[in-house]
Amino acid sequence: MEQRLAIDLVAKVNHWHHKFKLMEGVVTPGSYDPGFLLNLLELPPDMRGIRALDIGPSDGFFSMHMALRGAEVTSVDYRAKTAHGFATMEAITGLRFDYRQANVYELTRADLGGFDIVLFLGVLYHLPDMMRALDIVDHLCDGRLLLETAFEPSLFPGTAVARYYESATLGNDRTNFWVPNRECILAMLRDCSFTVDRDEAWGNRILVDARVQRAERSDKMILAYGRLPG
Ligand SMILES: C[S@@+](CC[C@H](N)C(=O)[O-])C[C@H]1O[C@@H](n2cnc3c(N)ncnc32)[C@H](O)[C@@H]1O
């Protein structure tokens, strides 16, 4: 695509969250440059043959970088792709994505299949039921989960707790619900079927690199959202 046209398309998007380069001379005017997090993820440089799921991609910085490495990328967001910069990123880069406008709570393995890598970045604190979402992610993930979230660094250290934010009291944003501490994040992941390989924190953000231990969901979670045996 011609640079002039790309610049015009970028300018037509109401709001960019991610600041990133789409092509030579074309950088989106987002307030958040996620380049440092891409490095922290330690994604394989060659992702050919890898099925990757990006939950809550927003403008698609991470989806784009996985597609550039050759991954087959499914991106799921409850906003339409034209409601943020994703559609423009897709048009300018010419990369292909399986974009689904869906709520994380609607995702099923029957619909999407399983994924080698799942990115779950900047989404957990937007969810009213963290365990249900992690159980769904567990069900979709056949390999590695990269979870990044806001966390409470000094809330009851040593005890797994989460703080509930009523209404829009966190960041003046009514889409925020819970912010867990580190212990809580790790405990919730263990109660699904994840094993944590690595976690790194900076300020009030944390990245957890985990992998599924079993092909099956954990018994505790099957019971939690199912029925007691008769
Ligand atoms: C803070 S942005 C994170 C963007 C990107 N993953 C990152 O880390 O830079 C949260 C994204 O998750 C999406 N989102 C929030 N709640 C969701 C839900 N229940 N189901 C699907 N998408 C959701 C939002 O629309 C938004 O695109």
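The model is a predicted one, in which local features need pLDDT of at least 70, side-chain atom pairs count only at pLDDT 80 or more, and totals for chains, interfaces and linings use all residues. Residues are numbered from 1 along each chain as its sequence is written.

The protein chain holds 8 helices and 11 strands (DSSP runs numbered from the N terminus, with at least four residues of H or I for a helix and at least two of E for a strand). With a radius of gyration of 18 Å, close to the 17 Å that the globule rule gives for 230 residues, the protein chain is as compact as a globular protein of that length; the radius is taken over C-alpha atoms, and the rule is 2.2 Å times the number of residues to the power 0.38. Along the principal axes, the C-alpha atoms fill a box of roughly 65 × 40 × 30 Å. Of the 230 residues, 38% are buried (20 or more other C-beta atoms within 10 Å of the residue's own; 12 or fewer is exposed, in between is partly exposed, and C-beta atoms are placed from the backbone). Among contacts with a separation of 6 or more, 60% come from residues 24 or more positions apart, a contact being two C-beta atoms, placed from the backbone, within 7 Å.

Turning to the sheet, 7 strands form an open arrangement in the order E5-E4-E3-E6-E7-E11-E10, with mixed pairing (strands pair if DSSP finds at least two bridges between them). Strand E5 (98–101) and strand E10 (194–202) are the edge strands, each pairing on one side only. From one strand to the next, the twist averages 15°. Helix H7 (residues 182–191) packs on this sheet and touches strand E7 (141–150), E10 and strand E11 (205–212), its direction making about 160° with that of E10; axes are lines fitted to C-alpha atoms, for helices over the stretch in contact, and angles run from 0 to 180 degrees between N-to-C directions. Strand E4 (residues 72–77) runs parallel to E5 and is joined to E5 by 4 bridges, and Asp77 has Gln101 of E5 as its bridge partner.

The loop between E4 and helix H4 (86–93) contains Tyr78. Tyr78 is partly exposed, with 15 other C-beta atoms within 10 Å, and touches Gln101, Ala102 and Asn103, leaving aside residues up to four places away in sequence. Tyr78 is also among the closest of the 14 residues that surround the ligand, together with Gly56, Ser58, Leu121 and Gly122 (C-beta atom, placed from the backbone, within 6 Å).
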